[in-house]
Amino acid sequence: MAISYTWSVENLHRRTSNDAVFGVEIKITATEGSNTAFITNSLGLPEGDPSSAGWINYSDLTEAKCLEWLKSSFTGLENDMQFIAAAKLAEKTATKSSASGKPF
């Protein structure tokens, strides 16, 4: 079964003076069958300029737009983060080769 990935924005960091977003906290969830694992990361973004043509008001931001910014700002981010999330899932679902404890 193939692993599916879900990206979500957990939090945004912005300047109160102009509502420019400069940081995003993300969560990547890896799912395979009924098993899931996730990782989180905080990433900085170059601050936008409110007078620029492509400016989006803070109140008009969407999760999809924030994820688009992240994935386009960091080359290889998507593959790297999904690789780490998949490793976390594999670690969680692996059959343990050793154990400790007592039978009594």
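Helices (H or I, at least four residues) and strands (E, at least two) are DSSP runs, numbered from the N terminus. The model described here is predicted, so local features need pLDDT of at least 70 and side-chain atom pairs count only at pLDDT 80 or more, while totals for chains, interfaces and linings use all residues. Residues are numbered from 1 along each chain as its sequence is written, and side-chain values use heavy atoms, with hydrogens and water left out.

Lys27 lies in strand S2. Lys27 counts as partly exposed, at 24% relative accessibility. Lys27 and Ser8 are 19 residues apart along the chain, yet their C-alpha atoms are separated by 5.3 Å. Contact means heavy atoms within 4.5 Å. Setting aside residues up to four places away in sequence, Lys27 touches Thr6, Trp7, Ser8, Glu10, Phe38, Ile39 and Thr40.

Thr29 is also placed in strand S2. Thr29 is buried, with a relative accessible area of 19%. Beyond its neighbours within four places in sequence, Thr29 is in contact with Ser4, Tyr5, Thr6, Thr36, Ala37 and Phe38.

Phe38 belongs to strand S3. Its relative accessible area is 46%, so Phe38 is partly exposed. Its contacts, not counting residues up to four places away in sequence, are Lys27, Ile28, Thr29 and Lys88. Phe38 and Gly54 are 16 residues apart in sequence; C-alpha to C-alpha, they are 32 Å apart in space.

The loop between S1 and S2 holds Ser17 and Asp19. Ser17 is exposed, with a relative accessible area of 70%. Between Ser17 and Gly33, 16 residues apart in sequence, the C-alpha to C-alpha distance is 45 Å. Asp19 is partly exposed, with a relative accessible area of 28%. Most residues other than glycine have a negative phi. In Asp19, phi has a positive value, near 65 degrees.

Helix H1 covers residues 63-73. The buried residues of H1 are Cys66, Leu67 and Leu70. They fall within an arc of 95 degrees seen down the axis of H1, so they line one face of the helix. The arc is that of the directions from the helix axis to the C-beta atoms. An α-helix has 3.6 residues a turn, so residues three or four places apart point the same way. The face of H1 turned away from its buried side carries the exposed residues Ala64 and Ser72. Cover for the buried residues of H1 includes S1, S2, S3 and H2.

Helix H2 (residues 77-93) has 17 residues, which at 1.5 Å a residue should span 24 Å. The expected span is 1.5 Å times one less than the number of residues in a helix. The end C-alpha atoms of H2 are 24 Å apart, which agrees. Buried residues in H2 are Leu77, Met81, Gln82, Ala85, Ala86 and Leu89. They cover an arc of only 150 degrees around the axis, which puts them on the same side of H2. Exposed residues Asn79, Phe83 and Glu91 are carried on the face of H2 turned away from its buried side. The buried residues of H2 are covered by elements including strand S1 (4-14), strand S2 (21-32), strand S3 (35-44) and H1.

Leu77 is found in H2. Leu77 is buried, with a relative accessible area of 7%. Not counting residues up to four places away in sequence, Leu77 touches Trp7, Leu43, Leu70 and Lys71.

The largest pocket holds about 230 Å³ of space. Of its 16 lining residues, the closest to its centre are Val21, Pro46, Gly48, Trp55 and Trp69. On a 1 Å grid over the protein atoms alone, a pocket is an open set of points where a 1.4 Å probe fits, with protein on both sides within 12 Å along at least five of seven lines; lining residues have an atom within 4 Å of a point. Grid points are joined across faces, edges and corners, and the volume is the space filled by probe spheres set on the points. Helix H1 gives the most to the lining of the largest pocket, with three residues. By class, this lining has nine nonpolar, five polar and two charged residues. Ala, Val, Leu, Ile, Met, Phe, Trp, Tyr, Cys and Pro count as nonpolar, Asp, Glu, Lys and Arg as charged, and the others, Gly among them, as polar.

Conventions: Buried means under 20% relative accessible area, exposed over 50%, partly exposed in between (1.4 Å probe, protein chains only).
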